Amino acid sequence: MSAADERARWSTLLPQTPIRFAPDFAWGVASSAFQAEGGDVPNDWVEAARAGRVPPNPGNGFWTRGEEDLRLVASLGLRHYRMSVEWSRVEPERGRFDASALDHYRALCDAAAAAGVTPWVNLFHFTHPRWVAESGGLLAIANRDAFLRYVEHVGRALAPHARHFHVSNESMVYVLTAYLMGVNPPFVQDATSAFTMTRHVLALHADAHRILKALVPQPTVATIEVYLDARPEDPADALQRQAAERFDAWYHGTLLEALATGWIRLPGREPEEIPHLRGALDLYGFNYYNATSFGAQGPGSWSDLADPPVDGMRRRVFPGGLEDGLVRVATALPGVPLLVTENGCPTDDETFRIRYLASHFAALDRARARGADVRGYFHWTAVDNYEWHEGFGAHARFGLIGFDPATQERSVKRSGRWLAEVISRSVLDPAGVP
Ligand code: FCB
């Protein structure tokens, strides 16, 4: 395809007029411990890699170069860093906490502060310690209790060093991929377990929220969920419509109602009220990537455009989902501020990444104009990292910063420099989009 044809694909998505950001708009990046650190840690993803079910993860060097990365991020004007704590490092065996691992995360929070960057600490990002995985995962009550003990332990250790916490990344995606579709560890493919697990992650969120609020002075405890704008690929197809509606009712419906009212309603089950789940968030962390559809051609094949841009993982670019999702959450949870806690795209084409960012900033701006109180934007991710099933494939690189696998030397990409310019001027100038 010619460059002009490729540019034409983006024409209706890119901003036509400048987009302005308030000086206190929170610009940041997001990452997760395991995806950046990698290594031979005692968790279930490492086990799955050993069994050949997922790619191995050598990491991007963040474990030793974390401080350097924080300084690099700060040099781009990005003032917030969403990181996570790897449970299997902190508690490698049930009940045995490793003080040196906690020291490491404490030092990382301090290094962030020293670089002028605010740390946002997430406590669970898909990976389980092996001992949890081997004893029934979070379906087992002993392990849910253990999770809350871990939350308390880490909260106590990090409270003097950080005040923004997330209990878990994308709880609903965790349930979807690990318990319903069975593609992620523990590879369970069972609707009953998935509904049970939905209840458990919501209850754990409420309990962990309460624990962190009591430990951390002036805390922000936020949820993080990815918005999946589920559509029938063919709106005239009743079955596809029904599939999308059912999915949405479970995925977003259950979650938003639970956070707004404390009631958990799951198909075929008695409604359950967990009173301290109501309003158990100071902020809603909103992740968003691409179109999601139900239809003959499989997930992600729907689009509002005849010829949409497609990212390195063959997903269709659809900024409208970011706009509508932000407005929907803002309406469902009035008074709760929103933060885009992940957005970005897998690609090895820097022109593509800049266009993706510009088109999503335009969507964010439209959501704000429709009343969504969006306080900031965290890009996924800083340095290229392990993209789960895609490993470190060139097509699956989300970073603003690349690294040399031999030397681990970092280099800022063109998109990183472009974003730094937007941040420093607090304005996105359409003329600067290739
Ligand atoms: C999100 C995950 C994150 C990362 C991005 C690309 O859904 O939270 O770990 O893999 O997708």
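Which residue lies over the face of F187? Let's look around this predicted model one close-up at a time.

**View 1. An arginine sits over the ring of F187.**
The residue in question is R53, found 3.6 Å from the ring centre of F187. There is another arginine to look for: R89 lies over the face of W63, and here the distance to the ring centre is 3.8 Å.

**View 2. F126 and W388 make a tilted ring pair.**
Rings come up a lot here, with a count of 33 aromatic pairs. Take F126 and W388: their ring centres are 5.4 Å apart and their planes meet at 55°, so we call the pair tilted. Now find where the two partners sit along the chain. F126 is in the loop between β4 (118-122) and α7 (130-133), while W388 is in the loop between β13 (374-380) and β14 (401-403), so this pair ties together parts that lie 262 residues apart in sequence. Are these two buried or exposed? F126 has 8% relative accessibility, so it counts as buried. W388 comes out at 9%, so it counts as buried too.

Y289 belongs to the loop between β10 (283-288) and β11 (292-294), and F398 to the loop between β13 and β14, so the pair ties together parts 109 residues apart in sequence. Y289 counts as buried because its relative accessibility is 11%. F398 is buried as well, with a relative accessible area of 3%.

**View 3. Ring pairs build up a cluster.**

**View 4. Eight strands close into a barrel.**
Follow the strands around in the order β2-β3-β4-β5-β6-β10-β12-β13, and you'll see that the pairing is parallel. Ignoring direction, neighbouring strands of this sheet are turned by 25° against each other on average. For one join in detail, check β5 (residues 164-166) and β6 (residues 220-226): they run parallel and are joined by 3 bridges. Within this region, H166 stands opposite A222 in β6.

**View 5. Helix α12 packs on the sheet.**
This helix covers residues 320-332 and touches β10, β12 (338-343) and β13. Compare its direction with that of β10: the angle between them is about 160°.

Technical notes
Residues numbered from 1 in each chain as written. Predicted model: local features only at pLDDT ≥ 70, side-chain atom pairs only at ≥ 80, totals over all residues. Heavy atoms only, no water. Phe/Tyr/Trp six-rings, centres within 6.5 Å; stacked < 30°, edge-to-face > 60°. Helix = DSSP H or I, 4+ residues; strand = E, 2+ residues; numbered from the N terminus. Buried < 20%, exposed > 50% of the residue type's maximum accessible area, 1.4 Å probe, protein only. Lys NZ or Arg CZ within 6 Å of the ring centre and 35° of its normal. Pairing = 2+ DSSP bridges. Axes fitted to C-alpha atoms, helices over the stretch in contact; angles between N-to-C directions. Contact = heavy atoms within 4.5 Å.
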